[in-house]
Each structure stands twice: as C-alpha cells, then as structure tokens.
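Please prepare a briefing on strand pairing and aromatic contacts in the model shown below, with the cut-offs behind each term.

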Amino acid sequence: MITCSVHSLCGILLPGVIRTPNKGINQQELNASTEVGEGADEWTLSKTLLKPPDQLELTEAELKEEVTRILTANNPHAPQNIVRYSFKERAYKPISFVDQLAIHFSLDGNLLLRDSDEGRRQSARIDLAPVASTVIEVEETEVKEEGSKEDIPAASAEEAAEGEEPPSHSMKEQKLTNQFNFCERASQTFNNPVRERACQMEPPPRATFSATANQWEIYDAYVEELHKLEKSKEKEKQKPLVAKKEDKLRGRKLTSLESQSDDVTKVTKAAKIVERMVNQNTFDDIAQDFKYFEDPADEYRDQEGTLLPLWKFQYDKAKRLAVTAICWNPKYKDLFAVGHGSYDFMKQSRGMLLLYTMKNPSFPEYIFSSESGIMCLDIHNDHPYLLVVGYYDGNVAIYNLKKSHSQPGYKSSAKSGKHTDPVWQVKWQKDDLDNNLNFFSISSDGRIVSWTLVKNELVHSDVIRLSVEGTTLEGPEGLQLQTIGCGTSFDFHKKIDSLFLIGTEEGKIYKCSKSYSSQFLDTFDAHHMAVDAVSWNPYHMKVFISCSSDWTVKIWDHTIKTPMFIFDLNSAVGDVAWAPYSSTIFAAVTTDGKAHVFDLSINKYEAICSQPVVAKKKNKITHVQFNPIYPIIIIGDDRGHVTCLKLSPNLRKMPKEKKGQEIQKGPEVEIAKLDKLLNLVREPANKPAK
Amino acid sequence: FRPCPIATVARRESRSHAGDSSCASLAMAEVEETLKRIQAHKGVIGTIVVNAEGIPIRTTLDNSTTVQYAGLLHQLTMKARSTVRDIDPQNDLTFLRIRSKKHEIMVAPDKEYLLIVIQNPCE
C-alpha cells in the first residue's frame, strides 16, 4: 500500500482556475478570477501571486528550509503500539509486527460453486441442472463413494430412466407417507368451459384507388374546371328562362340513359375515323395519286394535258337520278355537295342532296332526300353549313347541316311565292342590312326572286320579271301580253355586287342590276339555244363565259356585244367553269361524255385537253366544278355518279417568269394576261365594226 | 318497349330504352350503319368495340381472338396516348395504325371506348 502525505506549503502560484477541496477558497478565487478576466483565456493571463487569507506567515529562512519526505508502505491508520498480554511473562508486551493491511473496499460476489451444498440446492430448484447433476452425481458416487441421501434417489432415477420429473420430485422434500395405509386423494374442480367471445365491427368500406398524376391529367382537370365555370356562368345568365327547365329534364333523361347501358353511340366519332382509315387503305393508290402524281409525260407534250381519273362517288339510292348540281364547300375543301334530280320532263321523281368528302369515297357524309328533284344548290360562304336548294317543282329550301334533321330547315311554299316552274339556279348573297340571310333564285317562269330569311320564315320579293323583247301581243281586250322569258342561269359579279348576268332559254344574255327591276342594262344575243351557264371570270372584271346546248362556248367582254372567243365542241355543252387559279383556263363538259380544258394563253383556238371521262357512251356529263385549292375537278353525270379527276401540270401552267424578273403572282398578273389576249382579239374584231 | 320513332330505322333496338329520345336512337342507328359498312368494306377482317375497362362489347370475331386483341391493344393504346399527351398535354391521340406483314390493325380511341378494325389492305 502506498500512502502519501502531502503538506501544503507556502504561497502557490495559481493560474486563473483553481481546483482545491477547500470550497471557501474556491469561491473567493473564482470571484477574483472573474475580476481579472473571462474564463477562456484565464490561463493566458499573467500569473498573479494569490495568497489564501489563512495561509501561514513564515519567515524567509523558514520558507527556504528543505523538508524531506519519505514514502513508506505503512498504513497510517494502523496502530503502532499494540500491546498484548503475555501469560508466560505475566506482563503486557508490545507486538512487534502490526498488520498494515487496510481494506479500502470489499464486495461479496454472488457466485456459488456448483458442487457446493448451496449450489446444488439452487440448481435443483431451477430444475435445469438435474440431468447434468445426475451425471455429475453418478460421477460423484464413483469418485467420492459417499452414502449421502441424494445419491440413492439419483441412482434409482437413473434406473427408472424416465424424464426429469421423478428426480426433481425426489429432490424436493419427500413426503412422509404411511407405508401401509395410504391413498392419494385428490379432487379437481370443474374447469369451466372456456367460451370465446368476440365482437367484430363491420370494417369500414374500403376501395382501392390508384391514379397517375401526369402533366396531362392535371391539364384535363383544369380544362374540366374551366368548363364547369363556364356552364355555371351560362346558367346564371339564363336563370329566368323557363326553357332551361325543359333542357334540364331532357339532360337528366339523356344522362340516365347513357349511364344505363354500354352505349354504342359514343363510338360515333371513332367509327367515322376508322371508316375513313379503312377507305384510305382500300383506295390507297388513288389517294397517293391525288397527292403526289404529276404526269411526267406532260414535259414532252407541250400544248396538251390530261385528266387523271381519281375517285368515283356514287350512292345506291341516287343511282337513277342525274346529277343536277355540284358545289364545293367553301370552308372544308374536301367536302362537296351534290344535288340529284332529273332533267327529263317526263320522268320526274324524287330528289336527293348528298354531301361527300374525298376522305371517304364509298359513302356520303350527309344524306337528304326530297320529294321533288333538286335542280340547283349553293353553299353560303360565311356559314358553310347552310345550303340553299332549288327544286323542280319551283320551291326553294334551306338545309342546315348542323342540325340532324333530314328535312330542310326552311322551305318556301305556294303561299310564300314559290316559282311555278323549275328553279334553275340559286345563289347566296351577302346578308342584308338586318343581317338576315339572303339568296336569289331564277326559274323558267321568268322571275328572279330575292328570298330573305326573316325570323325563321322565307320572304320573297321579285327582283326582275323577264320578258322576251319584241314579242308583245295584242290580247283580246287590248291587253299587252308579254311573252315571259325563261331564265336558265345567272351569275353575280364578283366585285360589283349589284351587277349580274342572266342566261335565258331563248339564247339571250341580259346584263342586269339589282337596282333596276324592269329594265336590263344590256342584252347579248348569245346563242341559238338555251344558255346553260354563265360565269364571270374570277380575275378579270369584264370577262364572262357562256355555254349552251348549241354546241358552243363563248367568251365575252361585257362592254362589247360580240363574243371574244367562240369554241365549238361538237356536242351540247352541259356546263362550263373558270379555273380558280388562272384567268385563262376554263373547263367545259359535253353530253358526249367528254371534258374539255382550255387555256387561252397557250392555245386560243383549241382545247389543250379533250378527254372522255365517263365510262359508258350514253352517259351525259351535266356539271363540272373546280376545287378551290386542289388541282382537281369533279364531274357529275346523268347516271348519278360523280367522278373526280386530277389536272395534269400542263393544265395548270402559271405564266413563265423571265430570268431575272421576280415571280409575279396575284390577280393583277392574271388580269394582265387576259387583257393581252383580249387586245389581240379585240382589234381585228373592232376593225370591221369600224 | 316502344319501337323507335324514326321511320328510317326498320328494326327494333335489342336493348330496352324506356323514354328514348329521338336524337339518341337516330344516332345509334347511324353508328350501327357505319359499323356495318366498315365490316362490309373490302378487306376488313373484323371489328371490335372495347369499353374503358378493356372489355369487348361488340365483336365480329371469335371470342378468344377478341379477348386477346382487346387486352393487348387496350394497353398499347393507353401507352400511346400517354406518350402523346406527355409531350404536349393539349394534344391527344386520334388513331393508331399498326401495319404488319399480314394485315393492318387500326385503333381509334374515343373518350371511353376503343374501336379496333383489322383490315387486309392488299386484297
């Protein structure tokens, strides 16, 4: 044992923080230190000499005295002068040797030797050790040869070779039983049957929900919200209307119907798309031709072109009806309307109005049927869903494509001033001052009528009554009877709205104005037979074309009484149409099944293309129309078929640009082109007149 | 049930719609006609109408083929549609054409339905 004694000496050099057992000193010195400075750098401060107040005051000499210290292993607390009575000497004698052991700390452990008595007793209680203990005990008996009590029952247990229980029972205090008269009596209480009682609530209804949060799902949600807002706004606006209630009821009915069954009507749009796709596949080569085929032979044929047949449109129910009118839709360039009827006076039956699209050549998009043959039709420029139709029985009607009825929206009747003869042409006009829809019609009864749609009714007003000049007859009572002229076609000027031309059955063309109802501005002795079509040139303001059953097509300048150009086509000309892309190109169709395309800038005397376009010879072509944007024309014949033909490049020639000059485009070029031609023609024509 | 009020529809609808509005039955007749026309078109092998859950509701093919086509094409269409819409949420899938060596499968998805037509274009 090492004991050390420390004697405190004189003044000690103290750094800032001191740790001594003396609490009082601590406090004072801490306070002193705080006075000096902060705790962190106390040690950096200069070491000041601090004296505790109760320090011994010693002289210098005493301070310098050296004191030796010896380290011994003696226990300072052990007594050094223990005496003991010695009986031998009958006196107290000091003990020389004193025990120097000083126990500083003692702790009794709780480990027992397994083989000790206490250990065995404990292990028996735990019942884990018996097997081991039996083994050990067997060893013990062999080794120790002791006849203790525990050995016998252990040996007997060994002989029994049973499980742990008998030795454990025997290890416990044995019951002293009467060897002669002992019976074990025990009773057991009845164990109540255990009944399980549980109560389970119905689990709350659970549904698995999974969704993805994509950008488009978020977009859809926003769009839906927008729709809802709009609808609620509309509903607020229309609250006072009673009609809203009916709509709501109907709406509810429809929604309940829709939720009832797997409605096939929802596939309408998809079915339409698929039908078009299927058709596209079937007519794939035609579609490709339409888009991309340009006849390469045209490079070698300088002055000629060809018409490439594309699709053929026909409808079962319109098979025996002739095509009496065709018109392209101004908005959807692939949609066109076909009117069916009959030109035969003796065979008059029903009529049909069909709308086809080039995207689906096998079935029309819209089908309307009527009791009387349709003779003419026109589609409104601003409202491409409104069609006006003229019938053989003199009526006119307006069809609205947006509505699903198969009947016209508005129809004239005998009361409202229908014509008494077939209506040969109808044309939409600009909306009148009250923004009502307005159209004109011309008929063989000599009247040109302006119809206006006023508050869902057709109101008519006669514009002009045609009369044949110079045929006033003296009637029975001095009445002047005028033979009524029969109008067969008309056309309005593109720019000057009030100016229009009328073609009549007598072969005359009248130039009229909407403002003068009784007089004509001018008369042209155009043809020998009825004028089938008149048409203003789309570019040149003065030029118009006319065709007739007298086999001729004539081009006029409306300021000059004689035609500029005359073309003889060897067969009655059914229809003539200007091309929308050039002022010098036009197409004419004849009853011998041929289509003729003329380009005056290339050939002033002959057609640059004369091609039979219908299969059977007896098939007469009745109408022709150019598509506003695509290089195709559609031709209707009297068998009810509509054929679509593509114009070859030669037929679509634009004026060649000279090298170095800019490519001039626009109507001015076209006008200039035609002017040039006309000047060539005009002068020799004027000369004999002079 | 009442017969359909439109004169153009000669046959009665097999499903009973109490209180049918004329617009709905007319539309249904039109769609039926369109589907018949498609089926009768040259080269068309079969048409299947599948609802939003991928269960075919109308078919002209046999059951096992229909179920197979419906299940597989439904997944493909969903994938195609999500592709198109992920690129531009304002865009949407109009139709899907799968041309194989033997024939062409055309799928036109609608809001809730899917119309599948199998055509052999070369016939």
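In this predicted model, strand β6 (residues 351-357) of chain A is joined to β7(A) by five bridges, and the two run antiparallel; strands here are DSSP runs (E, at least two residues) and helices are H or I runs of at least four, numbered from the N terminus, while two strands pair if DSSP finds at least two bridges between them. Because the model is predicted, local features need pLDDT of at least 70 and side-chain atom pairs count only at pLDDT 80 or more, whereas totals for chains, interfaces and linings use all residues. Residues are numbered from 1 along each chain as its sequence is written, chains are lettered from A and ligands numbered from 1 in the order in which they are written, and side-chain values use heavy atoms, with hydrogens and water left out.

**Strands β27, β28 and β29**

- Strand β27 (residues 585-590) of chain A pairs with β28(A) in the antiparallel sense over five bridges, and the two form a hairpin with three residues between them, where A:G593 in the turn has a positive phi of about 85°.
- On its other pairing, β28(A) is joined by four bridges to strand β29 (residues 609-612) of chain A, again running antiparallel, and A:A595 has A:Q611 in β29(A) as its bridge partner.
- Five of the six residues of strand β28 (residues 594-599) of chain A are buried, so the strand is largely enclosed by the rest of the structure; buried means under 20% relative accessible area, exposed over 50% and partly exposed in between (1.4 Å probe, protein chains only).
- A:F586 stands opposite A:F598 in β28(A), and both are buried, A:F586 at 0% relative accessibility and A:F598 with a relative accessible area of 2%.
- The rings of A:F586 and A:F598 are stacked because their centres are 4.9 Å apart and their planes at 10°; rings of Phe, Tyr and Trp (its six-membered ring) pair if their centres lie within 6.5 Å, and planes under 30 degrees apart count as stacked, over 60 as edge-to-face and the rest as tilted.

**Other aromatic and charge-ring contacts**

- Over all chains, the structure holds 29 aromatic pairs, among them the tilted pair of A:F290 and A:W311, at 5.3 Å centre to centre with 50° between the planes.
- That pair links distant parts of the chain, with A:F290 in helix α10 (residues 284-292) and A:W311 in strand β3 (residues 307-313) of chain A, 21 residues apart.
- A:F290 is buried with a relative accessible area of 11%, and A:W311 counts as buried at 5% relative accessibility.
- Ring pairs link A:F290 and A:W311 into a cluster that includes A:F313, A:W328, A:F336, A:Y356 and A:Y630.
- The charged end of A:K402 sits over the ring of A:Y385, 4.2 Å from its centre, and that of A:K411 over the ring of A:Y391, 4.9 Å from its centre; the criterion is NZ of Lys or CZ of Arg within 6 Å of the ring centre and within 35 degrees of the ring normal.
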